[in-house]
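Dear colleague,

Please find below the structure that I am handing over to you. My notes on it follow, and I would be grateful if you read them with the structure open.

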Amino acid sequence: MSQKLLKLIHKENISASSDIYSFKKSDGSPFEFVGGQYIILNVGIDEDGKVIKRAYSILSSDSKTDSFQICVKRLGTGKASSILPELILGSELEYSGPWGKFVGDPTWPSPGFSLILATDTGVTSLAGLLLSKKFSDRLDSTIAVWLKTKGEDFLSESELAKILSGISNFPNIFQIPPISNQNRISNALEILKSILGDCTVPENVFLSGDGNVLREVRSELVRLGTLESRIGMEAFFNTQRNTSPAISLG
Ligand SMILES: Cc1cc2nc3c(=O)[nH]c(=O)nc-3n(C[C@H](O)[C@H](O)[C@H](O)COP(=O)(O)OP(=O)(O)OC[C@H]3O[C@@H](n4cnc5c(N)ncnc54)[C@H](O)[C@@H]3O)c2cc1C
């Protein structure tokens, strides 16, 4: 099979810890995807000779297929996130995708109320979904929520407003404790409770970001009555279940 390549056509450092990259297909053909999907970039080879492949959600709208954007957090010690900022324009990277069967399913979302909830860097797939063709006539019945840590500069509110300009539905933004804080999950569940207080139980849900938080949010939603099959989830980090006990809203 021939190699699939993307060419870096623009990059912008938007904060001390993040960059937006624009790519197009090297062969010039359109990059077709469904908003909320992700690609896997082959970023290079590490010191042990292992290929560094990482997933990145597509931030830009699926109405635009000549190029697309991703936003990557600089993690300091992270392998891919240290290599990407050094890429020069015109560089080519091998990739696979787009991936993401759940959002790609034409039967999702079903009619009814939708909740799109992201923590931390998960806001990229939240933006991709809000900008997607499939949500364009669904925004009135969709609530978007971004849970972020105080001082997190991955994507500023003004940068997010720029990305989401033209759509009516701006995410509700709440602060939650830092990633390692023991109150993070309970805090996120309290926020979920306050949001859902006045609305019906969501028919459709998409969750992205911190797996430790998302697994508990998903359990809570199932307990409240959302069908598990209608809940999509992408853990960007903390992908494995940890051993701490589950917390319920009571
Ligand atoms: C479906 C999917 C979509 C993703 N989309 C994005 C995206 O849009 N933007 C983005 O920046 N990343 C995204 N990620 C995370 C990305 O794939 C990499 O894990 C991340 O860039 C770190 O790679 P690295 O090689 O720099 O760090 P590594 O050398 O792999 O190690 C870094 C460590 O940091 C953890 N980590 C990863 N992300 C975070 C974070 N946000 N906060 C704290 N710790 C973290 C990793 O789990 C790992 O333990 C996504 C992951 C998945 C599975």
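Why does the ligand lie between domain 1 (5-99) and domain 2 (102-237)? Please note first that this is a predicted model. The ligand lies between the two domains because both of them give residues to the shell around it.

**The ligand and its shell**

The ligand is surrounded by 21 residues, and the closest are Gly78, Ala80, Ser81, Thr124 and Phe237. Four elements each supply at least two residues of this shell: strand E4 (51-57), strand E5 (68-73), helix H1 (80-83) and strand E11. By class, the shell holds 11 nonpolar, five polar and five charged residues.

**The two domains**

The domain assignment gives domain 1 (5-99) and domain 2 (102-237). Their C-alpha centres lie 23 Å apart. Where they meet, 19 residues of domain 1 are in contact with 20 residues of domain 2. On the side of domain 1 that touches domain 2, strand E1 (5-15) and E5 each supply at least two residues. E5 gives the most to that side, with three residues. The side of domain 1 that touches domain 2 has seven nonpolar, 10 polar and two charged residues.

The 13 residues of H5 should span 18 Å at 1.5 Å a residue, and its end C-alpha atoms are 18 Å apart, which agrees. Its buried residues are Arg184, Ile185, Ala188 and Leu192. Seen down the axis of H5, these residues fall within an arc of 95 degrees, so they line one face of the helix. Their cover includes strand E8 (142-149), strand E9 (172-176) and H6.

Helix H6 (residues 211-224) has 14 residues, and from its first C-alpha to its last it reaches 20 Å, close to the 20 Å expected. Its buried residues are Gly211, Asn212, Val213, Leu214, Arg215, Glu216, Val217 and Leu221. Strand E7 (114-119), helix H5 (184-196), strand E10 (204-210) and strand E11 (231-237) are among what covers them. After H6 comes Gly225, whose phi is positive, near 125 degrees.

**Details of the backbone**

One joins Gly97 and Pro98, with omega about 5 degrees, and Pro98 is in strand E6 (residues 92-99). Another joins Trp108 and Pro109, with omega about 0 degrees; Pro109 is in the loop between helix H2 (101-104) and E7.

Asp120 is not a glycine, yet its phi is positive, near 50 degrees. Asp120 is located in the loop between E7 and helix H3 (123-130). With 24 other C-beta atoms within 10 Å, Asp120 is buried. Asn238 likewise has a positive phi, of about 50 degrees, although it is not a glycine. Asn238 is in the segment after E11, and it is partly exposed, with 17 other C-beta atoms within 10 Å.

Finally, Ile167 lies in the loop between helix H4 (157-163) and E9. Ile167 counts as partly exposed because it has 15 C-beta neighbours inside 10 Å. Leaving aside residues up to four places away in sequence, Ile167 touches Leu130, Leu131 and Leu139.

With kind regards

Conventions: Residues numbered from 1 in each chain as written. Predicted model: local features only at pLDDT ≥ 70, side-chain atom pairs only at ≥ 80, totals over all residues. Expected span 1.5 Å × (residues − 1). Buried ≥ 20, exposed ≤ 12 C-beta atoms within 10 Å, placed from the backbone. Contact = placed C-beta atoms within 7 Å. Near = placed C-beta within 6 Å. Nonpolar A, V, L, I, M, F, W, Y, C, P; charged D, E, K, R; others polar. Domains from an automatic or database assignment. Arc of directions from axis to C-beta.
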